[in-house]
Amino acid sequence: MLHYAGYTRRIGDVDSGDTIMDYMKQERERGITITSAAITFGWNDHRINLIDTPGHVDFTIEVERSIRVLDGAVTILDAVAGVEAQTETVWQQAARHGIPRIAFVNKMDRAGAGFGRTVREMRARLGCRPVVVQIPVMESLSSASSTASDTVFNGVVDVLTMEVLRWDSDSKGAKLTKVPLDTSYPDQSLFQEAVRARTALVEQLSALDEHIIELFLTLEDHMAIEAKDLQAAIRRLTLSSTIVPVLCGASFRNIGVQPLMDSVVDYLPSPDERPAAVGRMADGKQVKIGNEGAKERLCALAFKVIHDARRGPMVFVRVYAGQLNERAQLWNSTTHSKERANKLLQMYAMDVEEIPHIARGNIGVILGLKDTRTGDTLLDAHDPRKGLALSGIKVPSPVFFASVEPLSTSDEKPVEEAIKALIREDPSLGVRVDEDTGQTLLGGMGELHLEVAQDRLLNDFKVKAEMGRMRISFKETMRGLGVVSVVPSWEYDREILGKRARAKVGISVERMEAQEDQQETPTPVEDSPKDDKSTSPKQHGKGGKVTQAKEEEEYHHHEEHDGNEFVISLGEHHAASTDDRATLLKVRLTDLELFGADSSPAAISACVSGAVTEAIRLGGNLSATEGGSNSVLLEPLMDVRVEVAEKDVGTVIGDISGTRRGRVLSLDGHSSDEESQAAAESEGEFLVYAPPDTT
């Protein structure tokens, strides 16, 4: 598109890693689109703001936030694979925002390509009304050894104008020839198929558009209706999301690109043709945005943030009302903070152009915003509607996790700042600290998502960290309800960095019954009753003056208080032999003996930890050997819902029941294809035309 629009002199190749839109190092290495990229170019006296979005499921947030601000979409389908699972996801995202769409069936030059099959799948799986406006020109090879199935894709037929379009390979598709398709055309089978396609097109439009049915009743000939009338009807029905025009081509061989760009101008809406955006005030009142013309105050939506090492945060915005000027004072109604637009940029993938303003309906980038994030609403700082906010962007929750560990203490702060910047760019990433294991976990939408995040942390943000697997926390308890395990005396005596640490405690651990309304019961830690003399701390050390003895007594009283606090914290989190959390246990402190300054809070904590671990190991059996254990590990249980095709049900059940030792609770019949077909039938009869496939 960019080459034919005159933006670039060369055509990039995904496999070679030299495309303009896939500019990130990670994208060029993997040959896929990872982040959405915006560019502006002209075509047929129209300005087009193009956003190229990824097709991989791990980067679905890029599609979601791009669709939120677009006026129309082009869905690229693989002629060999047809409608894929991610195609359905993206289609539902566009439908949720009411975005008009056209479809382009790509890779028609591949073996096994099926244009007709793909059109039928669109009706069955997407539930839309596909209207074929082009059919492929498939020609047999001229060699004597070729069979009937040896065909090659050489062009397309424009069903509206009844012309055969062919592209010159020497000019890389820049030269396009059009030949009328009529009764004198050499390939009469192609002409007959084109007549069937145009007849089906007119009948489909007649059932949905009053103007076309009037023309047909007047002319009584499918071929007599002019192309401009059909084009106008297709535009009306596309803008209302009633139909989806379907085109075909092979972008690798530069076939079908210019007609696709023409279709974007002819069939997709301009900002003025889209319904007014709806904002919501703080009191819940809805307000229409962008229908008052040039006099309306500024209202824009931040839909993407990227971090640039030289420019800082770059915030992508779509202006819905008014005009955004350079150095304007802004009000972020989402965070309730003031911002300043230091510079405005027009993006050309990785290249930029500084501009004085961003007009209504356009997309641009703001430099200088400090607190603005994806989904925030920006208003004029003097706008009295401080609580006005546009609908935000739906962010999916992370489903895959990996641990992030700084290599040293000095690396903790840079790693933390880098993760914050990464999450500001990609809100589908998430970070949390696991309470059980103490690991810092970075969450994403899949393994590839986390792999790219790791690559960016190390190479783009230059931090020193390692990413690995998250540890699964097992629970531990004693066997048998009501079991009491007693460790009457446990002493801790170590020398750490030249300083002695010493304490002595007695511990009692009791197994409790699990509560039905709780999946996890915390481990309480209690002192013995106050009248039990065993709980009074025994002091060991040198004597002294009365005043000194008083001070020492007060110090040890404070020490005991801090020690018990540490014991409680330790019992709740680390009272287990596997350094994981114990559960269903009541821990009672029966004795505490201190040794002056040697009995620091850390020493008391370590002593109690060892005593509780020993009590759990004994499990009430004082004769247990040193290597034996009367404790039991409790594995985590997950409640999982699986949606799978009927043909794979047996395989999935076998994996759950056998390999993963799970239990299937119920099987519910559910078929998205059947639902789509039922929804399609409820919309009324719609006859789908799909040309026969030759491969």
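Biologist: Is the crossing of α9 past α10 left-handed or right-handed?
Modeller: Helices here are DSSP runs of H or I with at least four residues, strands are runs of E with at least two, and both are numbered from the N terminus. A crossing is left-handed if the near helix is turned anticlockwise from the far one by less than a right angle, and right-handed if clockwise. The way α9 passes α10 counts as right-handed.

Biologist: Before we go on, what pLDDT do side-chain atom pairs need to count?
Modeller: Residues are numbered from 1 along each chain as its sequence is written, and side-chain values use heavy atoms, with hydrogens and water left out. This is a predicted model, where totals for chains, interfaces and linings use all residues, local features need pLDDT of at least 70, and side-chain atom pairs need pLDDT 80 or more.

Biologist: Back to that helix pair: is α9 parallel, antiparallel, perpendicular or oblique to α10?
Modeller: Axes are lines fitted to C-alpha atoms, for helices over the stretch in contact, and angles run from 0 to 180 degrees between N-to-C directions. Helix α9 (residues 412-425) packs on helix α10 (residues 447-459) at about 130°, with the axes 11 Å apart. Under 35 degrees is roughly parallel, over 145 roughly antiparallel, 65 to 115 roughly perpendicular and the rest oblique. That makes α9, relative to α10, oblique.

Biologist: How many charged residues are in the contact of α9 with α10?
Modeller: Contact means heavy atoms within 4.5 Å, and on that basis A418, I419, L422 and E425 of α9 meet A453, R456 and L457 of α10. For the classes, Ala, Val, Leu, Ile, Met, Phe, Trp, Tyr, Cys and Pro are nonpolar, Asp, Glu, Lys and Arg charged, and the others, Gly among them, polar. The contact of α9 with α10 then splits into 5 nonpolar, no polar and, for charged residues, 2.

Biologist: And how do α6 and α7 run, parallel or antiparallel to each other?
Modeller: The axes of helix α6 (residues 210-219) and helix α7 (residues 227-239) come within 9 Å and cross at roughly 155°. So the pair α6 and α7 is roughly antiparallel.

Biologist: How many residues of the α6 and α7 contact are nonpolar?
Modeller: H211, I212 and L215 of α6 touch D229, L230, A233 and R236 of α7. Sorted by class, the contact of α6 with α7 has 1 polar and 2 charged residues, and its nonpolar count is 4.

Biologist: Is Q258 buried or exposed?
Modeller: Q258 sits in helix α8 (residues 257-267). Beyond neighbours within four places in sequence, Q258 contacts Y4, W43, W167, G173 and A174. Its relative accessibility is 8%, so Q258 is buried.

Biologist: How far apart in space are M470 and Q439, C-alpha to C-alpha?
Modeller: M470 is in the loop between β27 (465-468) and β28 (475-478), and it is partly exposed at 25% relative accessible area. Outside four places in sequence, M470 contacts F401, S403, R432, Q439 and L441. M470 and Q439 are 31 residues apart in sequence, while their C-alpha distance is 7.4 Å.

Biologist: What is the phi of N44?
Modeller: Most residues other than glycine have a negative phi. N44 lies in the loop between β1 (37-43) and β2 (46-52) and is partly exposed at 43%. N44 isn't a glycine, but its phi is positive, about 50°.

Terms used
Buried < 20%, exposed > 50% of the residue type's maximum accessible area, 1.4 Å probe, protein only.
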